Amino acid sequence: MEKKLRVGILGATGMVGQRFIALLENHPWYEVVTLAASERSAGKTYEEAIGDRWKMSTPMPEAVKKLIVYNVNEVEKVAATVDFVFSAVDMTKDEIRAIEEAYAKTETPVVSNNSAHRWTPDVPMVIPEVNPEHFDIIEAQKKRLGTKRGFIAVKPNCSIQSYAPVLTAWMEYEPTEVVATTYQAISGAGKTFKDWPEMVENIIPYIGGEEEKSEQEPLRIWGKIEGDKIVKAEGPKITTQCIRVPVLNGHTAAVFVKFAKKPTKEELIEKLRNFKGIPQELNLPSAPKQFIQYMEEDNRPQVTLDVDYENGMGISVGRLREDSIYDYKFVGLSHNTVRGAAGGAVLCAETLTAKGFIQAK
């Protein structure tokens, strides 16, 4: 790309906003030029607005330290400075829906990490290796919004990344029933152990709204575009439990699967290792070379050893074996704030750029 596209980050002071900033440092296609956050951060330099709340393990990039933070609600002002925005705002769902549409209506594409628009019928919710064809619904969305280039696209919940792509790789064997228990890191709640000391040596067996997302969002990803909306798939039937565990980064899933056409273990492993999509074919900047790795060791994947596989953009699978009630069971691991949040959104933006949906204004 000759000239980098100008990017804004909405909700730049939160954990996912910070992850966007860390991931976009030295990005070959994009340059972060505008940071926006709540009114209390507006007018300060980014460094001042963050203070001692920088949560990434890498230092704050020099390029953003002195950027003056905009008020995220000054939509026209922010939109005038950028080609597109990433959204990680911390507001109510109604407020998020409204502000993301307001940005789209300024002819500014919005690639969102938020859940507010995941079930808006003409908003694509995409894992780029799994359902990039859903981006085609954007044309219908633009008609509804009355825009020429402005639209909203979202990525799905972090909880499904460790098993939905795996099941996608196995679709020809027709999975019919899935039982998944996810063990979710505290960064999924935007926290560190310093912020949330009661999570040390503790497990909380409840994450609000997470089980419904974990059961329903894969069906939307596997759905089809019908007219001006995406209609979710009928199956497989998925039931989940979602548990918060004392881990900083990395969501692990223990999954049981029943198939209509039972494959061999070797066939399943081969499908995982060969699974790829548009990001790999186009060699997009953030794409993992090997999307899903299968690990033969009995004690893998492990968070401490495997969460950063492919810079946090790959998925690690292990312990695939036959089950006495279901056909097979396995353990999956994904990085919840990279592949599951900011990194997944960046890969969506790269796919949208490659497809011509995001261009310089």
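The legends below describe close-up views of a predicted model.

**View 1. Strand E7 and its two pairing partners, E11 and E10**. Strand E7, which spans residues 175-184, pairs in the antiparallel sense with strand E11, residues 251-259, and eight bridges are found between them. Within this pairing, Thr182 has Ala253 of E11 as its bridge partner. Strand E7 is also joined by eight bridges to strand E10, residues 237-244, and here the two strands run parallel.

**View 2. The largest pocket and its lining**. This pocket holds about 1,200 Å³ of space, and 46 residues line it, with Val16, Ala88, Val89, Asp90 and Asn114 lying nearest its centre. Helices H1 (15-24), H5 (93-105), H8 (210-221) and H12 (338-354) each supply at least two residues of the lining, and H1 gives the most, with four residues. By residue class, the lining of the largest pocket divides into 14 nonpolar, 20 polar and 12 charged residues.

**View 3. The second largest pocket and its lining**. About 640 Å³ of space lies in the second largest pocket, which is lined by 30 residues, those closest to its centre being Arg19, Leu23, Asn311, Gly312 and Val338. Helices H1 and H12 each supply at least two residues of this lining, and the largest share, four residues, comes from H1. The lining of the second largest pocket divides into 13 nonpolar, 11 polar and six charged residues.

Notes
Residues numbered from 1 in each chain as written. Predicted model: local features only at pLDDT ≥ 70, side-chain atom pairs only at ≥ 80, totals over all residues. Heavy atoms only, no water. Pairing = 2+ DSSP bridges. 1 Å grid on protein atoms, 1.4 Å probe; cavity = no way out; pocket = protein on both sides within 12 Å on 5 of 7 lines; lining within 4 Å. Points joined across faces, edges and corners; volume = space filled by probe spheres on them. Nonpolar A, V, L, I, M, F, W, Y, C, P; charged D, E, K, R; others polar.
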